Amino acid sequence: MTVTGSARIEIADVSVFFPLYHGSNRSLKKTVMAAASGRLGQDDHSRVVVQALRDISFTLTSGDRLGLIGQNGAGKTTLLRTLAGIYEPVTGLVRVQGSLNAMLDPNLGMNVDLTGRENIVLRGLYNGLPRPELPRLEADVADFAGLGDFMDLPVRTYSSGMVVRLGFALATAIRPQILLMDEWFLVGDAEFMEKAKVRLEDMVRGADILVLSSHAVDVVRNWCTRVLWLEQGRIREDGPPDTVLARYLGHPVPQLETAHL
Amino acid sequence: MSLAIQNRLAVDDVVEGLRLWPLAWTLGWLDIRLRYRGSMLGPFWLTLSTAVMVGSLGVLYSTLFHIDVHEYLPFLALSQVLWFFLSGLVSEACTVFTQAEGMIRAVRMPLFLHALRTLVRNVFVLGHNIAVIVVVDIIFAIWPGWHGLLVLPAFVVWAVDGLAVCLLLGAFCARFRDIGPIVGSIMQIAFFLTPVIWQPSQLGRHAVLLPFNPFFALLEIVRAPLLGTTPSAYTWLAAVVYTLLLCAVTWLFFVRARGRVAFWV
């Protein structure tokens, strides 16, 4: 699928608040009781809200490779989900131009009761591929995942490694202009990782814009041209990889010839 | 975000969802196939269990109510199958979004797609149960005649109501988890208060009150034409008014809830 026009991401003053609904807060009874006793306002205040992202602004244009770093819970995945349009910001503006593929969850919409082959067709439909293109997608994925006869068995019967291979092959089968990637692709057996690396690098090169969330400093340094350091939902630093990574790690980044996954 | 923008996004959601109808169709059909994968009769288990239920209840109640079985059984078969559809759709509407959690959190999809999928799934179930009606009508030599065509506009009303219920209850139940059981018990009561196993005429002069029951109005606009009569204009008016009300409430809620559903599921 080729979409004409250049890819672009524009994010301005984006904040995402995450309401946490634990047991009692989910209950209608609580809300009604609070309303009946004239304390409706209190429900709003007593609700635990996580400020997952606060005042994030940046613009990416064709050719940009952005790495997101930060501790667990810094908001990396939330930012990717916001870019993918899954979460809507409470305030601010998200404008994304170009076809987008978000590799956030290896089992994205995979139905374990369906066979591998049926899952491929389903994914093609999720991505709005026209039916005539589905056989090509199927061949590509089946070839890469290398599952042989398991392709016609329900995913439920797969080993976890096989699920990852199928998930990876599916996620990388559709080439977008904008590629959003979470760090899950760093799992898998050694032989598969070699194959996966080649395919990923190919895909990354093919994408106009890459946004990658990772803890692996080498990968970020090797693939990205710009790094965003997130801390508690805010941008702590934004700049070229070497500068930001050095501050993040607290020491200069060791010079490496090649990155290893 | 201003209400105007939210409204536009909600419209986009519905339009995009409608454009994805082939996907909704496939997903709905897969749901049915998966539910019965490995069983010999497959979805025809539905047909069989409905047939047994209609057959046994038909004989029992025609004796209890002292009604001729030739008159009662075709009525019961039709009412029961249509009610299965209505109550099944309403109870599945509660899990429209919570069941699609994995998909909602992994990929941007219009929420309307999930409503469409639920409707498609229930239409497939209805399709399998229609066999019971056809067999009963053949046995008792019943042919609705040209009146039968009046079900077409009625089915359009049902489809609109079904989608609205899915969006409304789906989002509401995602936010408030105790709505599901409440809906279940309301449907149980509605089953007895609506003329499904008893006939409207048995109510005598109180029958004029029936259109105040939304389920009656909606059931009657489909059932009457298939029994060879015309639903009264009064019934149709009631059905349309309920539909408009439901759509209005749904829209007011959906416009506000749409962006939050991903956090709720």
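Reply: Chain A of this predicted model exposes about 12300 Å², of which carbon and sulfur atoms supply 52%; accessible areas come from the Shrake-Rupley method with a 1.4 Å probe, and for residues only the protein chains shown count as cover. Chain A has 261 residues, and 47% of them count as buried, that is, under 20% relative accessible area, while exposed is over 50% and partly exposed lies in between. The chain holds nine helices and nine strands, taken as DSSP runs of H or I of at least four residues and of E of at least two, numbered from the N terminus. Among contacts in chain A between residues at least 6 apart in sequence, 75% link residues at least 24 apart; a contact has heavy atoms within 4.5 Å.

Residues are numbered from 1 along each chain as its sequence is written, and chains are lettered from A and ligands numbered from 1 in the order in which they are written. Local features need pLDDT of at least 70 and side-chain atom pairs pLDDT 80 or more, whereas totals for chains, interfaces and linings use all residues; side-chain values rest on heavy atoms, with hydrogens and water left out.

Leaving aside residues up to four places away in sequence, Leu166(A) is in contact with Met110(A), Gly116(A), Val141(A), Ala145(A), Leu147(A), Met151(A), Val155(A) and Tyr158(A).

Helix H3 of chain A, residues 76-83, is largely enclosed by the rest of the structure, because seven of its eight residues are buried. These are Lys76(A), Thr78(A), Leu79(A), Leu80(A), Arg81(A), Thr82(A) and Leu83(A), so the buried set in H3(A) takes in a lysine and an arginine as well as leucines. After H3(A) comes Gly85(A), with a positive phi near 85°.

Most residues other than glycine have a negative phi. Asp13(A), in strand E1 of chain A (residues 8-20), has a phi near 50°. With a relative accessibility of 48%, Asp13(A) counts as partly exposed. His66(B) has a phi of about 55° and sits in the loop between H3 and H4 of chain B. At 73% relative accessible area, His66(B) is exposed.

Val52(B) belongs to helix H3 of chain B, which spans residues 44-64. Although a valine, Val52(B) counts as exposed, at 55% relative accessibility. Its C-alpha atom is 36 Å from that of Phe112(B), which lies 60 residues away along the chain.

Key. Buried < 20%, exposed > 50% of the residue type's maximum accessible area, 1.4 Å probe, protein only.
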